[in-house]
Every structure is written in structure tokens, then in C-alpha cells.
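Good morning, and thank you for coming.

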Amino acid sequence: MNAADTQTVTDTARYDTGFLREIETHVGQGEWLKMCTQCGACAGACPSERAGGHSPQSLFMLVRAGQRETVLSSGAPWDCLSCGDCGVQCPSRIPVANILAGLAHYAEQLGLAPREHPNRVLALACWDNIERHGRINEAELETRLKFRDGFAQGINRCLNAKDLAVRLIKAERLAPKALGSLIGLNFGHRGVKEKSGLRKILAKARALEAARAKEDGGD
Amino acid sequence: MTHAHAPTSGADQAILVVGGGMSGMSAALATARAGQRTVIVEKSAVLGGAMARMRGCTPRRPPYTDVEDTGVAELISDIEAHELVTVYRNSSVSELTAPTGDAVTPGGFVAKITAGGGDDVVDRFGAVILATGWRPYDAHRLGYLGYNDHADVVTQMELEELAKAADFGPIKRPSDGRAVRSVLFLQCAGQRSLVEGELSGCANHCCMTAIKQAMYFKDSDPDIETTLLYSDLRTPGARGEQFLRAGLRKAVTFVRGRFDSVVSGPAGLIAGFTDEILDAPHRQTYDLVVLATGMHPNGIPVDTRNNDKDTDPEDISETVLDAVVGDATRQPPLADAYTAAALPGLPYATAHPGIFLAGASKQPMDLHRAMEDGIGAALKALQSLSRVAHGEGSERMDNKPS
């Protein structure tokens with residue numbers, strides 16, 4: 001991490017168990033985090049670290065150092081490819097990748113996640129897509145992502161990707177007619193059969209999650 | 001005597017143990033249980049040595065996760081109950097004469113035991129076990145860690161006394177008697193150091209001891225903040241591994257880093273350190289700072305290379321020392337004060353046949369190893385008696401070049 005980051009947070013951050021306890025309460029499998037011996041095996045295994053964010057090791061150390069803002073606004077949990085090699089290498093058997101996913105989720109709930117992180121943008125677009133169709137409509141997903149910053153940007157991005165798009169269409173991996181969903185029509189893409197059932201499932205899951213959050217918060 | 005070579009329990013077959021700490025008592029109990037008359041000479045008024053001042057010890061038994069009782073009281077009562085063991089308290093060995101010269105005969109030691117306020121006792125022994133123990137490195141040399149200026153900067157040994165005084169209640173800080181809510185353990189304070197005047201060696205036990213002491217706090221109240229600053233943790237073996245993980249499970253905050261300073265602040269002690277994982281300097285306030293200072297042997301010259309017999313005269317007499325160290329210039333130089341009165345390859349032997357070393361007077365070690373070491377020295381002493389009974393010389397290292 002760079003010096004500017006540490007200097008700003010060090011003044012208020014404390015090495016203690018406060019943030020650790022918060023993570024144990026709110027992040028799935030967070031109770032494993034305290035078992036970290038800082039050996040660095042996960043950092044060595046992680047293919048995402050070269051993207052420039054924090055390694056799992058330094059994220060876990062930042063938790064110990066009480067640097068809450070740095071951890072929750074870090075791009076590192078969003079950089080995670082979920083390859084799981086960190087957990088395989090960990091001599092303390094910590095489910096590292098699961099904790100990173102949990103940290104990303106918790107940061108998102110708190111509104112502290114890095115807004116413009118490309119993987120966050122993709123993840124939210126995927127989720128929106130799945131929620132509406134019950135499965136991914138790839139053509140629609142790609143189009144929405146390309147046009148997320150306005151029409152002119154979108155056209156520009158589409159032209160840049162046109163060679164790839166043509167090849168995908170020829171190979172029948174991309175169906176242009178699925179784009180009908182953008183204007184509320186369905187020419188070819190098949191979502192799940194019973195979308196009302198899917199919505200009930202999701203509503204129930206949200207209610208359970210909210211109930212659990214309320215219960216955890218009341219501890 | 002029915003067998004010509006059987007060990008006897010005559011006057012020359014008794015065993016003298018100098019030091020009534022855990023290694024000395026373990027040695028004495030072992031020799032007494034083997035049927036030999038054994039005499040313990042202890043300089044203080046109580047048996048137990050350093051361990052008698054401690055509240056608990058690192059675990060002996062699987063799953064190696066919890067602080068255990070030291071077992072001092074049990075060992076003392078075993079010693080006191082054994083009819084073959086005589087204990088002289090407040091006493092020292094003021095003279096030890098032994099046959100010397102090339103044609104050395106092991107055994108035949110004559111010791112003058114000077115008891116505080118009593119008459120001297122002269123006794124004959126077949127073998128001598130030196131288990132004079134250790135004392136902490138002088139923390140006054142660690143002024144930069146605030147030891148000289150702040151009552152709340154203590155050594156691990158002093159924390160043991162605070163913990164013992166607390167009697168499983170809240171541990172209170174010395175300056176104002178307030179219950180400690182945050183404690184910082186600084187490992188390798190004045191040891192494993194390249195600074196002149198500090199120890200270059202590792203005292204072996206302090207990482208485990210610090211985890212144990214953090215548990216004193218965590219077990220009484222899990223919300224007490226315990227931080228352990230280390231350069232590298234040395235908790236070897238299954239026992240060490242399990243105990244470290246137990247410390248992690250109890251949410252001791254382990255920080256790999258280097259300490260810089262301890263100064264006083266408005267709400268307590270302000271410790272400055274650098275986190276080596278995040279590569280970031282940090283300052284934080286603590287109620288108590290505990291220094292893991294090194295071990296210093298009792299009764300062994302500080303530096304045999306310089307023939308500097310800087311030793312506590314209460315521990316042991318010059319005559320004994322001469323017998324133990326022998327030709328000091330031939331001793332291999334080891335780290336710090338532990339210049340190895342013990343000889344390489346012969347873990348209990350000294351330059352003098354029939355005199356054996358046990359425990360932390362020889363090498364830094366923890367309670368468990370010191371007790372095993374006492375039993376090992378007892379075995380060598382018994383072996384030595386047996387060899388004498390068989391008319392052989394005892395095991396010794398020939399210090400002369402061949």
C-alpha cells in the first residue's frame with residue numbers, strides 16, 4: 001500500500017479487536033480471520049495481487065490494524081477471481097476467498113465499496129440481469145455495460161468490439177435478436193419459465209438476510 | 001554388600017544438587033527415587049526458583065491450548081516427603097574440594113555448606129549437579145523502552161508477579177493500581193540484538209510466555225486488548241503450534257514489526273512501532289508494556305573468553321567455578337553469557353568429571369525442558385557413581401589436544 005494511505009488512516013486506527021469483531025459478526029466465515037498467522041502464503045498464491053490492490057495477507061493485517069475504511073473501500077475483494085488458491089495454500093485453513101467475497105458484500109451493504117471498480121459494475125449488471133430473466137442474457141448484459149456511460153460512449157465501445165461481435169455471431173455464441181429485451185420484447189432469449197416464483201425466492205432471501213442483519217446488529 | 005560392583009549408599013555416594021529450582025528439584029527427586037541420598041542447597045528461603053514466582057505455565061498436555069498450573073507446589077511436596085532428600089535453605093556451597101589433576105578420580109567431593117545463621121555443614125558427595133538457574137537480563141539497560149522512567153513498563157517476570165498478586169482477578173498496573181485494559185508485549189527486548197550491551201541470543205521461552213501471559217488477560221476478560229509485537233514468532237513443535245493457534249483463537253492481536261520507543265502520554269504509555277507487514281509506522285497508547293528480556297545464567301561466568309568470572313558470589317564459590325569451567329580458553333565461544341560451561345556433544349558434562357550441569361544455568365530454556373534436563377543430569381550423575389563403583393573413570397571431556 002502506498003504511504004499516503006497509511007498516513008491518513010494511522011492517526012485514528014488502532015491495533016485492536018474492534019474491527020475484527022465487526023467482521024466476525026457481519027461477514028460470512030469472518031470468525032476465521034483472526035486465525036491468520038501472517039505467513040504470506042495467500043499473497044504468494046494470489047493471481048490478482050499484481051493488479052495493484054492489497055493482498056489477502058495485507059487486507060487481514062489491515063483488519064488487525066483497525067483500518068476499517070481502507071479495508072471496506074479497498075478494490076482487493078472485488079479483484080478476487082475466486083480461484084481459491086489462497087485457501088488451498090493457507091496453513092491455517094482459512095477460507096480466504098470466501099471471506100473476501102463476504103467483505104465485498106458487506107462493503108456493498110454499507111455503501112463503502114469502490115463505486116467505479118469494473119468488477120463491481122459487472123457484478124451489479126449481472127445480478128440485475130439474472131434477477132429479471134432468471135439466467136444471463138449475454139447480449140443484453142454486454143450492451144448495457146457498453147452504454148452505461150452514455151450513448152456516444154456506447155457507440156464508440158460497440159465499434160471497438162465489432163470484429164469480436166461478428167465472430168461471436170458467426171459462431172452462434174451471440175444472438176442479436178436477444179437484444180429485443182432492451183425494448184421489452186422477447187424474440188429469442190429464454191429466461192426461466194416461472195419468473196414470479198423466482199421473485200418470491202429472492203424476496204424471501206432478502207427478508208432472511210435483513211432479519212439476520214437486524215439480529216447481528218442487536219448483539 | 002552382596003555384589004562387588006553394586007552402587008552403594010555410603011557417604012561418597014551421595015549427590016549434591018546446587019539450586020532448588022525446577023531443574024534442581026527434578027534432578028534431586030530422580031536421584032533420590034533411584035535410591036541415592038541427595039542434598040539440595042538452595043540460596044533463598046523457598047524452593048521453586050524462578051517458577052515459584054510465576055502464576056502459570058505453558059501447557060504440558062495435549063491439546064496444548066490452555067495455561068496450566070506450574071506444578072511447583074506438587075514438586076516441593078514430593079521433595080519434602082522423600083526421606084532420602086535433605087534440603088538446606090538460605091544456604092550456599094561455600095567450598096567444594098575435588099580431586100584435580102590428570103589422574104583424576106571422579107567422586108570424592110567434599111562440600112562446605114554455609115547456612116544463613118546456622119553452623120556450616122561439611123559433607124561428602126560422589127557427584128554434583130549444578131542447577132543454579134537464571135536471572136532476567138537487566139532491563140534498566142533498556143531506557144529507550146521506558147523501563148527506567150515508567151512503572152507500567154515491566155519485564156515478563158514482573159508481570160508474573162503482578163498476575164500472581166491479582167490471584168485470577170483483574171491484573172492492575174503498578175503506577176496507579178487501575179485494572180489493565182490494554183497491554184502490549186514487546187518481544188526480543190534487548191535480545192536477539194546486534195546492539196552492544198544487549199544479548200545476541202534467543203531466550204527460547206519468551207514467545208510462548210508472552211502468549212501465556214496474554215491469556216492471563218484474555219481468560220479473565222476477552223475484551224481486554226492484548227497486542228503482541230514480534231519480529232518472528234518462535235513457537236516450535238506441536239505444543240508451540242497448538243498454543244499459538246489457541247492465542248489466535250482468543251483474539252490476541254499479533255503484529256509483526258519493530259518497536260522504536262515507549263514514552264508516557266496523557267492516558268498511559270505511548271508505544272511507537274513499525275508494522276512490517278503494512279510497512280507503516282504507528283503510535284498507540286497502552287496501559288501496560290511488557291518486555292520479553294533475555295535470560296542470564298546464574299553461577300556461570302559471563303564471558304569465559306575473557307576469563308571474566310563476573311558471577312553472583314551468592315550462587316556458587318570460586319572453587320566450584322574453577323572446577324566447572326576448567327581451562328576456559330578452550331571453551332567454544334557461544335552467544336552471550338551462555339559461553340557453554342557445558343561441552344558440545346556432552347550436554348550435561350563439565351570440564352570436571354562428576355560435576356554436571358542442569359537447567360537454565362547452562363542454556364536458556366523453559367520450565368518443561370529444565371525439568372527434563374534435571375532428570376537427564378540426574379541420570380549422568382548416577383551413571384558417574386556407578387562407574388566409580390565399577391572402578392572406572394566417569395565420563396568426561398578430555399580438554400587437552402591429542
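This is a predicted model: local features need pLDDT of at least 70, side-chain atom pairs count only at pLDDT 80 or more; totals for chains, interfaces and linings use all residues.

**Cysteines, cores and a strand**

A disulfide here is a pair of cysteine sulfur atoms within 2.5 Å. A search of the whole structure finds zero disulfides over all chains. B:C207 is likewise in no disulfide, with the nearest cysteine sulfur, that of B:C188, 6.1 Å away.

Residues are numbered from 1 along each chain as its sequence is written, chains are lettered from A and ligands numbered from 1 in the order in which they are written, and side-chain values use heavy atoms, with hydrogens and water left out.

Are these cysteines buried or exposed? A:C36 is buried, with a relative accessible area of 9%, and B:C207 is buried with a relative accessible area of 9%. Buried means under 20% relative accessible area, exposed over 50%, and partly exposed in between, using a 1.4 Å probe and protein chains only.

Let us turn to chain A. Chain A has 13 helices and zero strands; helices (H or I, at least four residues) and strands (E, at least two) are DSSP runs, numbered from the N terminus. Of its 219 residues, 37% count as buried.

Next, the nonpolar cores. A nonpolar core is a set of buried Ala, Val, Leu, Ile, Met, Phe, Trp, Tyr and Cys residues joined through side-chain atoms within 4.5 Å. The largest has 79 residues, and those with the most contacts inside it are A:F60, A:L103, B:F185, B:F217 and B:L291. Helix 8 of chain A (residues 96–110) gives the largest share of this core, eight residues. A second, separate core of 38 residues includes B:A28, B:A292, B:A358 and B:A378. In soluble globular proteins, nonpolar side chains tend to be buried together.

Which residues does B:L291 touch, leaving aside its neighbours within four places in sequence? Among them are B:L142, B:Y147, B:V153 and B:L186, where contact means heavy atoms within 4.5 Å.

B:I211 lies in helix 4 (residues 206–220) of chain B. At 0% relative accessibility, B:I211 counts as buried. B:L244 is 33 residues away from B:I211 in sequence, yet their C-alpha atoms are 7.0 Å apart.

Where the chains meet, the contact takes 24 residues from chain B and 25 residues from chain A. The area buried between them is about 2000 Å², with carbon and sulfur atoms giving 59%; buried area is the accessible area (1.4 Å probe) that two parts lose on being put together, summed over both. On the chain B side, B:L248, B:I277 and B:L278 lose the most area to chain A, together 29% of what that side buries.

Finally, strand 1 of chain B (residues 15–18). Strand 1 of chain B pairs in the parallel sense with strand 7 of chain B (residues 127–130) over four bridges, where pairing requires at least two bridges found by DSSP. Within that pair, B:V128 is the bridge partner of B:L16.
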